[in-house]
Amino acid sequence: MIIVAVIAILVLIIGIGIYNSLISKKNQVANAFSAIDVMLKKRFDLIPNLVETVKQYMQYEGDTLTKITELRGKAMGSNVSESDKLALDQQIGSAVKGLMVSVENYPDLKANTNFLNLQSTWTESEEQIAAARRNYNSSVTTYNNAVMMFPGNMFAGMLGYQPMPVLETAAEERKNVSAKELFNN
């Protein structure tokens with residue numbers, strides 16, 4: 001009888017430990033995503049200043065500036081899901097990269113101090129977002145391991161926890177950058 005009670009207590013303690021570990025890992029993933037969200041907000045806040053600065057010099061890039069402004073407006077909306085926000089961020093990133101390449105055609109803009117500061121801040125923001133994404137993917141991998149490995153998978157199944165997708169780089173961004181193509185457009 002005592003042996004059964006000891007085994008039951010051990011199983012209970014192990015179960016509580018696994019449960020707490022799963023909750024901790026799930027919260028870590030949510031925290032890592034909120035860090036990405038904060039970085040995206042910071043980057044989205046840079047866009048109006050960038051557009052206004054660039055608008056003064058780039059008369060022929062109006063469509064790009066309008067597209068960036070519209071994408072920012074969608075991303076800052078209140079009913080945007082996390083996955084939609086990340087997709088919009090990728091579109092904004094691509095549009096701004098194209099804009100930064102177009103700057104080569106405007107020597108006065110390239111020399112503008114305000115633009116140089118914005119460009120530097122944008123690059124810094126990109127690096128911070130990349131670091132936050134790496135942290136998020138690391139947290140998701142740890143969580144997925146806990147959810148998929150024995151004995152955590154038994155408890156995760158009872159709690160309805162499923163593996164989460166990691167953030168992946170779009171296939172378009174994985175291609176090698178061709179300087180020749182960039183400057184011929």
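Buried residues account for 29% of the 185 residues in the chain, in a model that is predicted. The chain holds eight helices and zero strands, so that its elements, read from the N terminus, run α-α-α-α-α-α-α-α. With a radius of gyration of 23 Å, well over the 16 Å that the globule rule gives for 185 residues, the chain is more spread out than a compact globule.

**Overall dimensions and contacts**

- Along its principal axes, the C-alpha trace of the chain spans about 85 × 35 × 25 Å.
- Among contacts between residues at least 6 apart in sequence, 76% join residues that are at least 24 apart.

**Packing of α1 and α2**

- Two packed helices are described by the angle between their axes and by the distance between those axes.
- Helix α1 covers residues 2-55 and helix α2 covers residues 62-75, and their axes come within 10 Å and cross at roughly 160°.
- Because angles over 145 degrees count as roughly antiparallel, α1 is roughly antiparallel to α2.
- The crossing of α1 and α2 is left-handed.

**Residues at the α1 and α2 contact**

- On the α1 side, the contact is made by Phe44, Asp45, Ile47, Pro48, Val51, Val54 and Lys55, while α2 contributes Leu65, Ile68, Thr69, Arg72 and Ala75.
- By residue class, the contact of α1 with α2 divides into eight nonpolar residues, one polar residue and three charged residues.

Notes: Residues are numbered from 1 along each chain as its sequence is written. This is a predicted model: local features need pLDDT of at least 70, side-chain atom pairs count only at pLDDT 80 or more; totals for chains, interfaces and linings use all residues. Side-chain values use heavy atoms; hydrogens and water are left out. Axes are lines fitted to C-alpha atoms, for helices over the stretch in contact, and angles run from 0 to 180 degrees between N-to-C directions. Helices (H or I, at least four residues) and strands (E, at least two) are DSSP runs, numbered from the N terminus. Angles under 35 degrees count as roughly parallel, over 145 as roughly antiparallel, 65 to 115 as roughly perpendicular and the rest as oblique. A crossing is left-handed if the near helix is turned anticlockwise from the far one by less than a right angle, and right-handed if clockwise. Contact means heavy atoms within 4.5 Å. Ala, Val, Leu, Ile, Met, Phe, Trp, Tyr, Cys and Pro count as nonpolar, Asp, Glu, Lys and Arg as charged, and the others, Gly among them, as polar. The radius of gyration is taken over C-alpha atoms; the globule rule is 2.2 Å times the number of residues to the power 0.38. Buried means under 20% relative accessible area, exposed over 50%, partly exposed in between (1.4 Å probe, protein chains only).
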